[in-house]
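Subject: Structure handover

Hello,

Please open it first; my notes follow below.

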Amino acid sequence: MKLRVVVLGAGFGGLELTSMLSEAVGDNLDLTLIDQHDAFFFGFSKLDVMFGHKKADSVKIPYSGIVKPGVRFCRETITAIDPETKTVTTNKSVHKADVLVVALGANYDFDATPGLNQHGNEYYSFDGAVKLRDVIPDFKSGHAIVGVCGAPFKCPPAPSEAALMLHDHLVSSGSRDACTISIVMPFGSPIPPSPDSSTALLRAFEERGIQFIPQHKIASLRAKTAVLDDGTEMPFDLFLGIPKHVAPDVVLQSGLAENGWIPVSRQTLMTRYPGVYAIGDVTSVGTPKAGVFAEGAAKTAAAAIIDAWHGKESEAGYTGAGSCYIEFGKGQVARVDVDFFSGPKPFGIHHDASKALTIDKEHFGSSRKARWFGL
Ligand SMILES: Cc1cc2nc3c(=O)[nH]c(=O)nc-3n(C[C@H](O)[C@H](O)[C@H](O)COP(=O)(O)OP(=O)(O)OC[C@H]3O[C@@H](n4cnc5c(N)ncnc54)[C@H](O)[C@@H]3O)c2cc1C
């Protein structure tokens, strides 16, 4: 009997899980991969787009390129998920699964931060990054704030990366001396699980005159003024926001989520519903919301699904380990190898920024393109 799987979301997690199942099960697989969009893009390409390093169309990888044994891609918007019956309703169809995998990522609640839409900008959505490409060149003097509006948020290094890349942009446009840059973040350090990465980032901020404001988030925005969670007011001329994250509405309405996100077993990534798995940013598994962790969870879930199909007890187990690249500007990239579940507490090993790691990061992207899309 074929393994009948429906995967919701063709992002980092959904694409990796689909690739693994297709490789392992081949023509015995009947997998439907559903996404509302027609193309994938890496989260980090939003930074390239907002600073004009790459064109928006050039970072999109069309799903039409997915040709894998046993896999069918459907461009549909999911409107309801019934985890009891493993039935998914979309704007076009109804899909029934033996195994259901929810990989729908995290959405943004822009309205949770009053004034963000009217007075600020954000670069976490693709449209927001595209809009900023035209806004940033007009910023030639005054104060820029990179401000986090709530935790958890995707890719904890991304606010630091935006500040360092803004610094580079202003140096090359000759405006740096007329501008100041601050980062507001709800953590005590830029990357809490890796003190060495945090020290390297704080040193880079100091060298470049970037102010780091820890343990605070942005509560609201007025015209040219950001208000922090303790009421402090900070004037700004450019605001680059990280909006509050939420699970997609369709997940919240499905009964799968608890306290906003989907709880899963660390052993198998299964939810409390038999045969229903959840991976990536939509879960509360205990790793940061980042592509590398969505990918690691996908590998574990795929192994567990294959074991269950063979009628075996699962030997899988999610280690919560992954490597995150950090843009330091000046064409240099650092890396932190983080492990969340092996030791008594999360720990990270820092690798200093270098040109060699810039090439490493390029390979990270191109190897996923090759694996998922055959490019
Ligand atoms: C600025 C920025 C920089 C980043 N840099 C990095 C980095 O360097 N390294 C890293 O590892 N991570 C990075 N990330 C984070 C990374 O992009 C995400 O954590 C990762 O994509 C999560 O994978 P996922 O599979 O859980 O969800 P996603 O990749 O977000 O995929 C979810 C998919 O579900 C689809 N979907 C949602 N709702 C519906 C619906 N109702 N119907 C149909 N389809 C739906 C979406 O269209 C989407 O394709 C960055 C993120 C940002 C914003």
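Which helices and strands each supply at least two residues of the shell around the ligand? They are α1 (12-25), β2 (29-35), α2 (45-50), α8 (291-309) and β21 (321-329). Please keep in mind throughout that this is a predicted model.

The ligand shell

The ligand is surrounded by 36 residues. G9, G11, G43, G105 and G280 are the closest of them. By type, the shell holds 20 nonpolar, eleven polar and five charged residues.

The chain as a whole

The protein chain contains nine helices and 23 strands. Its C-alpha trace spans about 65 × 40 × 40 Å along the principal axes. The radius of gyration is 21 Å, and this agrees with a compact globule, because a globule of 375 residues would have a value near 21 Å. Of the 375 residues, 47% are buried. Taking the contacts with a separation of 6 or more, 67% are between residues 24 or more positions apart.

Strand β18

Strand β18 covers residues 238-242. Five of its five residues are buried, so the strand is largely enclosed by the rest of the structure. In a regular strand, side chains alternate between the two faces of the sheet. On one side of β18 are L238, L240 and I242, and on the other F239 and G241; all of these are buried, so both faces are covered.

Strand β11 (residues 121-122) runs parallel to β18 and is joined to it by two bridges. In that pairing E122 stands opposite G241. Strand β12 also pairs with β18 in the parallel sense, over five bridges. There, V146 has L240 as its bridge partner.

Strands β6 and β7 run antiparallel and are joined by four bridges. Within this pair, D82 is opposite T87 in β7.

Another open sheet has three strands in the order β15-β16-β17, and its pairing is antiparallel. Its edge strands are β15 (218-222) and β17 (233-235), each of which pairs on one side only. From one strand to the next, the twist averages 25°. Strand β16 (residues 225-228) is linked to β17 by three bridges, and the two run antiparallel. Opposite V227 stands E233 in β17.

Backbone points to check

Most residues other than glycine have a negative phi, and most peptide bonds are trans. The following places depart from that pattern, and I would look at each of them in the model.

- K86 has a phi near 55°, a positive value although the residue is not glycine. K86 lies in the loop between β6 (78-82) and β7 (87-90). It counts as buried because it has 20 C-beta neighbours inside 10 Å, and a residue is buried if it has 20 or more.
- K330 has a phi near 50°, again positive in a residue other than glycine. K330 lies in the loop between β21 and β22 (332-339). It counts as partly exposed because it has 14 C-beta neighbours inside 10 Å.
- A151 and P152 are joined by a cis peptide bond, with omega about 0°. P152 sits in the loop between β12 (142-148) and α5 (158-173).

Some of these places connect to elements already described. The loop that holds K86 runs between β6 and β7, which are joined by four bridges. The loop that holds K330 has β21 on one side, and β21 supplies at least two residues of the ligand shell. The loop with P152 has β12 on one side, and β12 pairs with β18.

That is what I have on this structure.

Regards

Methods:
Residues are numbered from 1 along each chain as its sequence is written. This is a predicted model: local features need pLDDT of at least 70, side-chain atom pairs count only at pLDDT 80 or more; totals for chains, interfaces and linings use all residues. The radius of gyration is taken over C-alpha atoms; the globule rule is 2.2 Å times the number of residues to the power 0.38. A residue is buried if 20 or more other C-beta atoms lie within 10 Å of its own, exposed if 12 or fewer, and partly exposed in between; C-beta atoms are placed from the backbone. Two residues are in contact if their C-beta atoms, placed from the backbone, lie within 7 Å. Two strands pair if DSSP finds at least two bridges between them. Axes are lines fitted to C-alpha atoms, for helices over the stretch in contact, and angles run from 0 to 180 degrees between N-to-C directions. A residue is near a molecule or strand if its C-beta atom, placed from the backbone, lies within 6 Å of it. Ala, Val, Leu, Ile, Met, Phe, Trp, Tyr, Cys and Pro count as nonpolar, Asp, Glu, Lys and Arg as charged, and the others, Gly among them, as polar.
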